Amino acid sequence: MRVVLVDDEPLARERLRDLLHRSDVHVDVVGEADGGKRAVPLIYETRPDLVFLDIEMPGLDGFDVLDLLAPPRPHVVFVTAYDAYALRAFEVHALDYLTKPVRLERLTASLRRIAALLDQPPAALNAFAQSRTSAPLRRLTLHAGRKLRVIEPADVLCFEAQDKLVFAHLRTGGSYPIDFTIQALAERLDSDRFLRVHRAFLVNVTTIRELQPWYSGTYQLRLEDGRDVPVARRRVRAVKALLRG
Amino acid sequence: MSMRTTWLPRLRLLSLMVAVGALAGLAVQWFSQDPLMLDWLRVATWRDPALHLLPYDGIGYGIVYCVSIWSTVIGVMRLAHRRIPLRTWRDLATHVLLISGAVGVVFAVVSVLTALFCLYVLGQLAGSAPPLYIPALVTVVITLVITACCYAVGFYQRLRDAEQQTMQAELRALRAQINPHFLFNTLNSIAALVHRRPDEAEAVIEHLADLFRYTLRASQQPRVTLADEIEATEQYIAIEQARFRERLFVTRAIAPEVETAEMPSLILQPIVENAVKHGVAKTEDACAVQIEGSRLGQRVTLCVRDTGPGFDTTDLEAVLARGTGLSNVYHRLKAHFGEEASLTLLPDGVCLQFPYWSGAPARVPHEATARAI
């Protein structure tokens, strides 16, 4: 079984590694990450069978990492010290979890259970991830070549839908495909910061520089990098209100 | 505050005074028409109360007495409350003496003034005397009853507030004791260390035991010195350093003359814990925590800063409303020092200020007095 360990505390990873060596189920630790931001690309690249995912981490916590894992997802065993909210979520959604300090017997039991289910998709996890699709997104993943990058929404100028793909245009330059639809982004990103100005465009309002009349009642927004974005006629009022307010 | 909110209650009070005074005056006037009462009143006042200088003049006297005496009681009561907070029975006796004294003086002054009014404006004193004294006596009795009621209600309220405050302070001290998250993470660290680096595991266990003992003692020992607080905080830092390794870097700048300062227990450690939790645990890079302590005259300042993301707001109320360890610290500090303690949010941390008490404090702490009353 190929395993990835995610925990921000070095000692906690050390402990988990020790226990995995001592358990009688054979596992192969193919990667370790000290935070959510590094965990997401690591999981994407190594395609492990199983991820041990700590809940309480700086930046991106365990649930945020799950939000950024597109299917097919690996099996996940959550690890938590004591988080009443997380524990409730695990119980309600029948997710695999371990409490710290992790015990060898419980770890081995989890490994055995998952080894038996290895050829099946993680049904409970997928259902749980699905239940969170209206939860706010704190970070985004985008595809840079074969790599997956984790970025902050604030780094994005605007999102643009082209045919079936959605691209994120970054403030630092460059456009990359991402796995979310414009609709999902509009719902899950902070509505004070991101404004749907067009069927195909979601704009980071802090990057707007000008609003120019275009033709027959429509407008164009000029963004900080000089790019022009069309504003749909029925959204003009909302844009004006936001720029005024 | 708008005009409406300041004047409406006063106007209401004034009309109440006028109404009570008028009623008292009317009662006397009505009684004095009854022959039996008239006899009694004649004996009681050595005058003829049936003789009226003006029709219904008793009502006028009643109002004058009621308004003047009632306002005196209220004014003196407020002043007494502000100057002499009620703590012991002696304070209460002082209040009673002050109020009765003031009422006596006002009573005498108003009596003389009304007598002069009768004598010089109406030209006759004799007949005016009974309706002058009787409403005054009735008013005094009513005012005293109302004042007594005010004090009784005030006492009851204070007693309940004090009880609630004591209970809340105890609850907060309890709540401050154990952070399960920290405990389980530390146990996990120990489990990780125990095979590979047993010496380090041993040290962490010792620190945890000391810290735990300190927090358990906290509810029985409401007052400690800053030096005790620093020691407990050092135990805590040593444990967190084992967890976070080089990601946590702590500097201390605590003036020696401040270490004797007395304060409630479990104040510094929760603030440092807050800095670690919201600084180190929220940035993926290394984080420095700085602890500063200084004393300027009779004021102690403790600041804890971190290089984490900092507070997303400068609104203290909003931060306290989140119910973090910080609000616990704030409330216990206020319960101990009262208005003299303050907590300020800095862009990169928290600053506490409180008076320097050492040895036997000049003032009895608030919690203890609340219990005494």
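A residue counts as buried if 20 or more other C-beta atoms lie within 10 Å of its own, and as exposed if 12 or fewer do. Strand β15 (residues 228-231) of chain A has two faces: A:Val229 and A:Val231 make up the covered face, while A:Asp228 and A:Pro230 make up the uncovered one. The model described here is predicted.

**Hairpin in chain A**

- Strand β14 (residues 219-223) of chain A pairs with β15(A) in the antiparallel sense, over 4 bridges.
- One of these pairings joins A:Leu221 to A:Val229, its bridge partner in β15(A); A:Val229 also belongs to the covered face of β15(A).
- β14(A) and β15(A) form a hairpin, with 4 residues between the two strands.
- In the turn, A:Gly226 has a positive phi of about 90 degrees.

**Parallel sheet in chain A**

- Chain A has an open sheet of 5 strands with parallel pairing, in the order β2-β1-β3-β4-β5.
- The edges are held by β2 (28-33) and β5 (97-99) of chain A; each has a single partner strand, so one side of each is left without a neighbour in the sheet.
- On average, neighbouring strands of this sheet are turned by 20 degrees against each other, direction ignored.
- Within the sheet, strand β1 (residues 2-6) of chain A and strand β3 (residues 50-54) of chain A are paired in the parallel sense over 4 bridges.
- A:Leu5 has A:Phe52 as its bridge partner in β3(A).
- Helix α5 (residues 104-116) of chain A lies across β3, β4 (75-80) and β5 of chain A, and α5(A) runs at about 175 degrees to β5(A).

**Nonpolar cores**

- The largest nonpolar core has 86 residues. Those that touch the most other members are A:Val6, A:Phe52, A:Val65, B:Val272, B:Val289 and B:Leu333.
- Helix α8 (residues 226-244) of chain B provides the largest share of this core, 7 residues.
- A second, separate core of 25 residues includes A:Cys158, A:Ala168, A:Phe194 and A:Tyr219.
- Leaving aside residues up to four places away in sequence, A:Val65 touches A:Val6, A:Gly36, A:Ala39, A:Val40, A:Leu53 and A:Leu60.

**Chain B**

- Chain B contains 12 helices and 7 strands.
- Of the 373 residues in chain B, 34% are buried.
- Among contacts in chain B with a separation of 6 or more, 77% are between residues 24 or more positions apart.

**Helix pair α7 and α8 in chain B**

- Two packed helices are described by the angle between their axes and the distance between the axes.
- For helix α7 (residues 198-218) of chain B and α8(B), the axes come within 9 Å and cross at roughly 145 degrees. This crossing of α7(B) and α8(B) is left-handed.
- From α7(B), the residues that meet α8(B) are B:Glu200, B:Val204, B:His207, B:Leu208, B:Asp210, B:Leu211 and B:Tyr214.
- Facing them from α8(B) are B:Ala232, B:Gln235, B:Tyr236, B:Ala238, B:Ile239 and B:Ala242.
- The residues of this contact of α7(B) with α8(B) divide into 9 nonpolar, 2 polar and 2 charged.

**Contact between chains A and B**

- Chain A puts 15 residues into the contact, and chain B puts in 19 residues.
- On the side of chain A that touches chain B, helix α1 (residues 10-22) of chain A gives the most, with 6 residues.
- By type, the residues on that side of chain A are 7 nonpolar, 2 polar and 6 charged.

Definitions and conventions:
Residues numbered from 1 in each chain as written. Chains lettered and ligands numbered in written order. Predicted model: local features only at pLDDT ≥ 70, side-chain atom pairs only at ≥ 80, totals over all residues. Contact = placed C-beta atoms within 7 Å. Nonpolar A, V, L, I, M, F, W, Y, C, P; charged D, E, K, R; others polar. Pairing = 2+ DSSP bridges. Axes fitted to C-alpha atoms, helices over the stretch in contact; angles between N-to-C directions. Core = buried A, V, L, I, M, F, W, Y, C linked by C-beta atoms within 7 Å. Left-handed = near helix turned anticlockwise from the far one by under 90°.
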